Amino acid sequence: MSKVHIMDHPLIQHKISYIRREEVGTKEFREVVGEIACLMCYEATRDLKLGDVKIKTPICETIGKELAGKKLAVVPILRAGLGMVDGMLTLIPAAKVGHIGLYRDPETFEPVEYYCKLPADCDERQVFVVDPMLATGGSSTAAIQMLKDKGVKRIRFMCIIAAPEGVKRMQEAHPDVDIYIGALDERLNEHKYIVPGLGDAGDRIFGTK
C-alpha cells in the first residue's frame with residue numbers, strides 16, 4: 001500500500017491556513033501556493049538517492065554528493081497544477097516539466113483527457129505529479145495511469161489539500177505511488193468539493209470563475 005505523508009511542518013501549515021481565507025486575492029494566493037509547493041518539494045525529496053562526485057574546492061580536492069542518475073520531472077495536472085510548478089523548480093531547476101490536461105465531467109464527475117505532453121525520457125526519471133487538490137481522486141488516478149501506460153515507473157503524487165475519499169481511491173488504484181499531502185481535510189460535499197477546503201484552486205490561482 002502506498003505511503004501517505006501528511007506534511008506537518010509549521011510553515012506549510014501556516015501558509016495553507018492563509019490561502020484558505022476567502023478574502024485572499026489572486027496574486028497572493030498564487031504566490032503562496034508556489035511557496036507551499038517549494039516547501040513540500042523539499043520535504044518530499046529528502047530520500048532521493050545520492051552518488052559520490054569528485055570536486056575541487058579552493059582548498060583541495062574532495063568527494064561530495066550529487067543526485068544519482070537522471071534528475072526529476074514535474075507533471076502538473078492542468079490547469080491548477082501549474083500553480084505548483086514554479087515553486088518546485090525553485091529547488092530543482094534542472095527538472096523537466098510535462099503536462100497532463102484533464103477536466104471533470106460535470107455530470108459524472110469522472111476525468112476526461114484533453115492533453116498529454118511529457119519529456120521524452122520521462123520513463124527514466126522520478127516523476128512528481130502535482131495538483132493542489134485531491135478531491136474525488138478521479139483526475140489524479142487517471143493522470144498516473146497515463147504515465148504508467150507510457151512506461152513511467154517511479155511516480156509520486158503531491159497535493160496541498162486532500163479529502164479522505166480521494167486518498168482512498170488513489171491507494172486502491174495505485175498502491176505503488178506515495179502521496180504527499182499538505183493537509184488532510186474532513187470530506188467531500190455533495191458537489192464534490194473538499195470541506196473545509198479553499199474553493200476551486202484553479203479559479204483562485206488564475207482569477208477566473
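## Annotated positions and the largest pocket

UniProt positions are given in the numbering used here, feature names are shortened, and annotations may be inferred rather than shown by experiment. Residues are numbered from 1 along each chain as its sequence is written. The model is predicted, with local features requiring pLDDT of at least 70 and side-chain atom pairs counting only at pLDDT 80 or more, while totals for chains, interfaces and linings use all residues; side-chain values use heavy atoms, with hydrogens and water left out.

In an unreviewed entry, UniProt lists as "binding site" Arg79, Arg104, Asp131, Pro132, Met133, Leu134, Ala135, Thr136, Gly137, Gly138, Ser139 and Asp200. From this set, the lining of the largest pocket takes in Arg79, Arg104, Asp131, Pro132, Met133, Leu134, Ala135, Thr136, Gly137, Gly138, Ser139 and Asp200. On a 1 Å grid over the protein atoms alone, a pocket is an open set of points where a 1.4 Å probe fits, with protein on both sides within 12 Å along at least five of seven lines; lining residues have an atom within 4 Å of a point. A "binding site" annotation in UniProt, also from an unreviewed entry, covers Ile194, Gly199, Asp200 and Ala201. Of these, Ile194, Gly199, Asp200 and Ala201 are included in the lining of the largest pocket.

Helices (H or I, at least four residues) and strands (E, at least two) are DSSP runs numbered from the N terminus. Pro132 is placed in the loop between strand 8 (126–130) and strand 9 (133–134), and Met133 belongs to strand 9. Pro132 counts as buried because its relative accessibility is 3%, and Met133 is likewise buried, at 15%. Here buried means under 20% relative accessible area, exposed over 50%, and partly exposed in between (1.4 Å probe, protein chains only).

Contact means heavy atoms within 4.5 Å. Leaving aside neighbours within four places in sequence, Pro132 is in contact with Ala80, Gly81, Met84, Cys159, Ile160, Ile161, Ala201 and Ile205. With residues up to four places away in sequence not counted, Met133 touches Cys159, Ile161, Ile194, Leu198, Gly199 and Ala201.

Asp200 occupies the loop between strand 13 (194–195) and helix 6 (201–206). Asp200 is partly exposed, since its relative accessible area is 29%. Neighbours within four places in sequence aside, the contacts of Asp200 are Arg79 and Tyr193.

## Backbone geometry

Most residues other than glycine have a negative phi, and most peptide bonds are trans. The bond from Leu78 to Arg79 is cis, with omega near 0°; Arg79 lies in the loop between strand 4 (72–78) and helix 3 (82–91). The bond from Val195 to Pro196 is also cis, with omega near 0°, and Pro196 is in the loop between strand 13 and helix 6.

Lys192, although not a glycine, has a positive phi of about 65°. Lys192 is found in the loop between strand 12 (187–188) and strand 13. Lys192 counts as partly exposed because its relative accessibility is 30%.

## Buried side of helix 3

In helix 3, the residues Gly83, Met84, Val85, Gly87 and Met88 are buried. The elements covering the buried residues of helix 3 include helix 2 (26–44), strand 4, strand 5 (96–97), strand 8, strand 10 (155–162) and helix 6.
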